[in-house]
Amino acid sequence: TTIQSQQKNRRRVIILHTSPKMGSGTLRNACRVNLEKTCGIRHEKWTKWFTQPPRGYFDENQLYQLIRNCTSTSHFCMKGWGGGRRSSHAFVAKANKDVLFVHMIPFRNFDEWAVSALKQLH
């Protein structure tokens, strides 16, 4: 169909949405290392134990600019689900017509995660 042929020519970008209880530290580190290797982005070491999170992790606008400029990778991380006060999803949709976004929400143990998430909400 026409939609399938249009999607075939689009760049696929995988965005890992991370939060506590989802292995976020490990994924955040993997995203940071990936950006350093594939895009040449250097991250500051904040302390002996902590390194700056991957670029765009806390700022959607910075993330989407990074996606446009760094085409040698398809994996990026962002904190939480997005859609916050600084969200620019409408702009992003127009600016990235050639990109197919795949949003992934990983979890370690779904049952424990679901119980914990419900407790946080109520």
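Me: First up, what pLDDT does the chain average?
Reply: This is a predicted model, and the chain averages a pLDDT of 76, with 68% of the residues scoring at least 70.

Me: Which element has the lowest mean pLDDT, and which the highest?
Reply: Helix 4 (residues 89-95) has the lowest, at 54, while strand 2 (residues 75-79) has the highest, at 88.

Me: Got it. Now helix 2, how many residues does it have?
Reply: Helix 2 has 16 residues, 24-39, and spans 21 Å from its first C-alpha to its last, close to the expected 22 Å.

Me: Which of the residues in helix 2 are buried?
Reply: Those are Ser24, Cys31, Arg32, Leu35 and Glu36. They sit on the same side of helix 2, because they cover an arc of only 135° around the axis.

Me: And what covers them?
Reply: The cover includes strand 1 (11-18), helix 3 (60-69) and strand 2. On the face turned away from the buried side, helix 2 carries the exposed residues Thr26 and Lys37.

Me: Changing topic: how many residues make up the largest nonpolar core?
Reply: Twelve, including Val13, Leu35, Ile67, Phe76 and Val99.

Me: Which element gives the most to this core?
Reply: Helix 3, with four residues. Strand 1 and strand 2 each supply at least two.

Me: What does Val13 touch?
Reply: Leaving out residues up to four places away in sequence, Val13 touches Ile67, Ser74, Phe76, Val99, Leu100, Phe101 and Val102.

Technical notes:
Residues numbered from 1 in each chain as written. Predicted model: local features only at pLDDT ≥ 70, side-chain atom pairs only at ≥ 80, totals over all residues. Heavy atoms only, no water. pLDDT = per-residue confidence, 0-100. Expected span 1.5 Å × (residues − 1). Buried < 20%, exposed > 50% of the residue type's maximum accessible area, 1.4 Å probe, protein only. Arc of directions from axis to C-beta. Contact = heavy atoms within 4.5 Å. Core = buried A, V, L, I, M, F, W, Y, C linked by side-chain atoms within 4.5 Å.
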